[in-house]
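This report goes through selected features of one protein model. It starts with single residues and then turns to the chain as a whole.

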Amino acid sequence: MIEPFSNDVLWIVIVGFIMAFVLAFGIGANDVANSFGTSVGSKVLTIRQACYLATVFEIAGAVLIGYKVSDTIRKGILEVTMYENQENELMLGMFASLIGSSLLLLGATFFGLPVSATHSIVGATVGFSLVCRGLDGINWNTLWTIVGSWFLSPVMSGVISVVLFLLIRWLILSAPNPVVPGLLFLPIFYGLTILINIFSIVHDGSSLLYFDRIPWWGALTASLCAGALVSLVVQLIVVPRMRNSIEESTDGLSFNGVKKCDDVYIENNVGKQSITMTPSEDKELANGNTNITNGKESATQDGMTGQDNPAYTANPEDIGANPTETKQVEADDPPEVNKLFSFLQILTACFASFAHGGNDVSNAIGPLIALWMIYTEGSVQQKSEAPLYILFYGGVGISIGLWIWGRRVIKTIGEDLTKITPSTGFTIEIGAAFTVLLASKIGLPISTTHCKVGSVVFVGWASTTKQGVDWKLFRNIIGAWVLTVPIAGGLSAASIAALRAVAL
C-alpha cells in the first residue's frame, strides 16, 4: 500500500492528466459527432453552432450524470483486489489504457471513421489487465454485460427511433395540413424531453450535489412540474411565433398551399409520393399552373375532392417517358414541416449531447479518476465518488476536440450514411439519446456511436428504401467497430509492457 499523496507516483498522475486530456480530445473529435452529426447533416445547425451547443451540454451531462459510468470503467471491469499492495502497477495500467485509447481514437478520426470510444477504453483496460494479471484479473460478468449491451443498444435505439418516426408520419406528416398537428404536438415534445432529462439528473443523482437524498416521488414531481412549465411556455410563446414564421415563409399562402418551387410536396388518397415531370410541365408548375397532364393521369387543384393540394403520382415506366428527359422530384418534407422539425431537432440534439456527456466523458476520464483516487487514498478500492472537477475537466477536453477536429466525423454521420431530413433527424436523436441516458443511469458504458448509427440506418431504411442507406459505408463502420477492441487492447498491452520494464 502506498501513502496518500505519495511523491513516488505523482509523475504518473501528472502524465495521466495530460493523456486523459488527449483521450478526451479524441472523443470530442470523433464521438461528439454522434450528438450533432444529424443536425448538421439536415442543415438545421451549422458546425459552429453545433460546437457552441455541444460545449455547454457535454460538460453539463458529464458533471450531472457521468459519475456512475466512470465507476464501472475504473473498478467494475477489473478485479481491483488483485492489485492490493501493488497500487503503482494498477496506476501504470490505467495510464497505459489512456495511451492505447488515445492513439486509436486519434487515428480513426484522421480517417473519418466513427469508432466507439467505449470500445476503445474497455479494450484498452482489458489489454493491460491481461498482461498484468492474466484472465483472473478481469471481472468477466461485468465485461460480458458490457459487451452484450453493445449488441443490444443499436437495435434498441433503432427500434425506438423507427416507432417514433412511424407515429410522426401517421399523426403529422400524413395529415392534409401537417403543420396543424405539428404545432399541436410541439409543446408535448418539449415537455417530455425536459421531463426525461430532469428525472435522469435528480433521481438517484450525484451525492456530491445531494440529489441522492431526494426520494423517487420528489424527483418525479419536480420533473413533471418542469415539463408542464416548459410545455406551457412553448404553447403560449413559441407556437404563435412558429405559426407566424411559417406563414411568412410560405409567402402568405395557407400551410398546405401550392408554392412556386422546384420541390413539390403532394398528397392524395394514396399518400405522399414523388412526382416525375417533363421539363415543360416543370416549367408550367413554376409559372403557377397547377393543371398537369401527363400520359394517363391528370390532377388539378379544383378537381380534387376536399383537397387544396394537387395530387399526382407517376413513374417514368408508367407514362412511357424517357428518363433522360424527366426530372425526379424527391418527396422531402414540405418546407413548413422542415421548419417545424428543425426547431425540434435543436432541442433533441442538445438532449443527445447531454446524454453523451454523461456516458462518454466518463469513458475518457474513468482511468484518470482511478489514478487520482489511488493517489489521494493510497488504496486500489477507490471508495470516494468521482470528483466533479475531474468530470468537468473531461468535458472541457471533449469540447476542444470537437472544435478543432470534429467536422470530419460529423460529415460521415450526418451526410454520407443516409439522407437525413429534420423530421427523420428528430426521431434519430430521440431514440439514441433515450437509450444512452437509460444506460448512463444504470451505469453501463454503452456505445453512443452504436446507438446513433443504429438509429440512422433503421430510420433511413424505414423512411426511404433499402437503397436509401449507403451499405458499403455502413460495412466499413461495422468493420471499424469490430477492430476497435483488439487494436486498443494491443496498444494498451504494449504500453504497459514497456512501462513495467522501465518504471517497476
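Asn 85 is exposed, with 53% relative accessible area; exposed stands for over 50%, buried for under 20% and partly exposed for what lies in between (1.4 Å probe, protein chains only). Asn 85 sits in the loop between helix H4 (67-75) and H5, and its phi is near 65°, a positive value in a residue other than glycine. Most residues other than glycine have a negative phi. Phe 5 also has a positive phi, near 60°. Phe 5 belongs to the segment before H1 and is partly exposed at 49% relative accessibility.

The model is predicted: local features need pLDDT of at least 70, side-chain atom pairs count only at pLDDT 80 or more, and totals for chains, interfaces and linings use all residues. Residues are numbered from 1 along each chain as its sequence is written, and side-chain values use heavy atoms, with hydrogens and water left out.

The protein chain has 17 helices and four strands; these are DSSP runs numbered from the N terminus, helices being H or I with at least four residues and strands E with at least two. Of its 504 residues, 56% count as buried. The chain exposes about 20,800 Å², with 63% supplied by carbon and sulfur atoms; accessible areas come from the Shrake-Rupley method with a 1.4 Å probe, and for residues only the protein chains shown count as cover. Among contacts (heavy atoms within 4.5 Å) between residues at least 6 apart in sequence, 83% join residues at least 24 apart.

## Salt bridges

The whole structure holds two salt bridges, a salt bridge being a side-chain nitrogen of Lys or Arg within 4 Å of a carboxyl oxygen of Asp or Glu. The table gives both.

| Glu 89 | Arg 133 | 3.0 Å |

The relative accessibility of Glu 89 is 5%, so it counts as buried, whereas Arg 500, at 29%, counts as partly exposed. Through shared partners, the salt bridges join Glu 89, Arg 133 and Arg 500 into one network.

## Second largest pocket

About 300 Å³ of space lies in the second largest pocket. On a 1 Å grid over the protein atoms alone, a pocket is an open set of points where a 1.4 Å probe fits, with protein on both sides within 12 Å along at least five of seven lines, and lining residues have an atom within 4 Å of a point. Grid points are joined across faces, edges and corners, and the volume is the space filled by probe spheres set on the points.

The lining of this pocket consists of 16 residues, and Trp 150, Phe 151, His 450, Ile 478 and Trp 481 lie nearest its centre. Two or more lining residues come from each of helix H7 (140-173), helix H16 (448-463) and H17. The lining divides into 13 nonpolar residues, three polar and no charged. Here Ala, Val, Leu, Ile, Met, Phe, Trp, Tyr, Cys and Pro count as nonpolar, Asp, Glu, Lys and Arg as charged, and the others, Gly among them, as polar.

## Three residues in helices

Ser 440 lies in helix H15 (residues 422-442) and is buried at 1% relative accessibility. Leaving aside neighbours within four places in sequence, Ser 440 is in contact with Ile 65, Lys 68, Val 69, Ala 355, Gly 358 and Asn 359. Ser 440 and Tyr 67 are 373 residues apart in sequence, yet 8.9 Å apart in space, C-alpha to C-alpha.

Thr 193, in helix H8 (residues 179-202), is buried with a relative accessible area of 6%. Residues up to four places away in sequence not counted, Thr 193 touches Leu 347, Phe 351 and Ile 430.

Trp 11 is placed in helix H1 (residues 10-30). Its relative accessible area is 38%, so Trp 11 is partly exposed. With residues up to four places away in sequence again left out, Trp 11 touches Leu 92 and Ala 503.
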